[in-house]
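Welcome! This short report walks through some side-chain contacts and what lies around them. Have a look at the structure below, then read on.

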Amino acid sequence: MEHKLKLRVGLSICCFLFSLAPAIFAAEKIRVAFVSPTPVFAPAWIAKEAGLFAKYGLDADVILLTGSPRLVQALIAGDVDYAMAGSTALMRARMQGAELAVLAASTNISIMKLLVSRQSGLRRLEDLKGKTIGVSQYGSDADAFARIVLDQAGLKPDKDVPIMQFGGHPQVATALAAGKLEAGVLGGLAILTARKSGAVVLADGVKLNSIAMAGTLATMRRTMQRSRDSVLRFMRAHVEAFQYFRGNRDGAVAVIQKYMGGLGLDQARFLYDEYVELFEEFPVPREKAFQGVLDHETDPKAKNFKPADFVDLSFLTEIDRSGRVEKIYKK
């Protein structure tokens, strides 16, 4: 009897310890990098701050690494496990042989804006001829948006309008504010910085209905092969954070304030209201967004690729059983 009692007690303790396993055993360390302090990257911030990564056994460092091409190189090198970067840089890396895959996107409308300095006197896109446009980096979404806008205005990038890289959105905004640059493509907090100096928007990706992914999330295929379970847990946290952003204004605003340099409450609410309307119902990167990048790509290799070559939707499909992923891709 005493032996059986000890056995039952031992089993009870084992079951109790097993139930507490996530708390007892060390969580898996991962590094998640986002390219700029913009609300489209808020799912990563929320997953960290709301404990969603921890919920799924992940101990995540969420870091800022400016310049999409630079961030993509860090992903390829293994310096970060997940990258929230510009879709153009991710797709170019894939076309150049990098075995990476896009897993999700916050929106499929470009969040970029082309602003001109107060001193420039520019009022129309055609007035940009002979002027210089600043972008974060060549190969970034800002660079791609600048070229799309110039093409629509009948201007040739680099020939009619020089494009100069500054390293990041904050640097472009600073140059605009200082009067050292006449026009620049910006996103997120940098737009507010430029507007404070009197800069005005000359072209808006949303108003132009420019199809382009933003808040694009990617990882390496080797990561998926090494531990599909780990990536699936990460994606569950990401999707829950995405839904939190869409449905919890006060909580999301607080996180925006923290990750965007301690913004005032009114500014954070303004940004939230502006971006939440752009978020998809479910974070699915659309075929048209991939195709839009391919259509404007100057690399001849682009002709050999199709949208399916850049994406892995299996994780979103497994998480969402309603069939939304398949329905979206049939549209």
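## Ring pairs

The count of aromatic pairs comes to 10, where rings of Phe, Tyr and Trp (its six-membered ring) pair if their centres lie within 6.5 Å; planes under 30 degrees apart count as stacked, over 60 as edge-to-face and the rest as tilted. One of them joins Phe242 and Phe279: the ring centres are 5.3 Å apart and the planes stand at 20 degrees, so this pair is stacked. Phe242 belongs to helix H11 (residues 228-247), while Phe279 sits in the loop between helix H13 (265-276) and helix H14 (287-295), so the pair ties together parts that are 37 residues apart in sequence. Helices here (H or I, at least four residues) and strands (E, at least two) are DSSP runs, numbered from the N terminus. Phe242 and Phe279 are both buried; buried means under 20% relative accessible area, exposed over 50%, and partly exposed in between (1.4 Å probe, protein chains only).

Now turn to Phe290 and Phe310. Their ring centres are 6.1 Å apart with planes at 15 degrees, so this pair is stacked. It links distant parts of the chain, with Phe290 in helix H14 and Phe310 in the loop between H14 and helix H15 (314-319), 20 residues apart. Both Phe290 and Phe310 are buried. Ring pairs also link Phe242, Phe245, Tyr272 and Phe279 into a cluster.

## How to read the numbers

This is a predicted model, in which local features need pLDDT of at least 70 and side-chain atom pairs count only at pLDDT 80 or more, while totals for chains, interfaces and linings use all residues. Residues are numbered from 1 along each chain as its sequence is written, and side-chain values use heavy atoms, with hydrogens and water left out.

## A charge over a ring

Which residue lies over the face of Phe315? Arg228 does, at 4.1 Å from the ring centre. A charge sits over a ring if NZ of Lys or CZ of Arg is within 6 Å of the ring centre and within 35 degrees of the ring normal.

## An enclosed helix

In helix H6 (residues 87-95), 8 of the 9 residues are buried, so the helix is largely enclosed by the rest of the structure. Among these buried residues are Leu90, Met91, Arg94 and Met95. Just after H6, Gly97 takes a positive phi of about 110 degrees.

## Salt bridges

Side chains of opposite charge can pair when their charged atoms come close. The whole structure holds 16 salt bridges, each being a side-chain nitrogen of Lys or Arg within 4 Å of a carboxyl oxygen of Asp or Glu. One of them joins Asp61 and Lys29 (3.3 Å, N to O). Asp61 is in strand E2 (residues 58-64) and Lys29 in strand E1 (residues 28-34), so the pair ties together parts that are 32 residues apart in sequence. Asp61 is partly exposed, at 28% relative accessible area.

Arg147 bridges to Asp143, with the closest N and O atoms 3.0 Å apart. Both lie in helix H7 (residues 141-152), 4 residues apart, about one turn of the helix. Is Asp143 buried or exposed? At 2% relative accessibility, Asp143 counts as buried, whereas Arg147 is partly exposed at 26%. Finally, Glu28, Asp229 and Arg233 are linked in a network of salt bridges.
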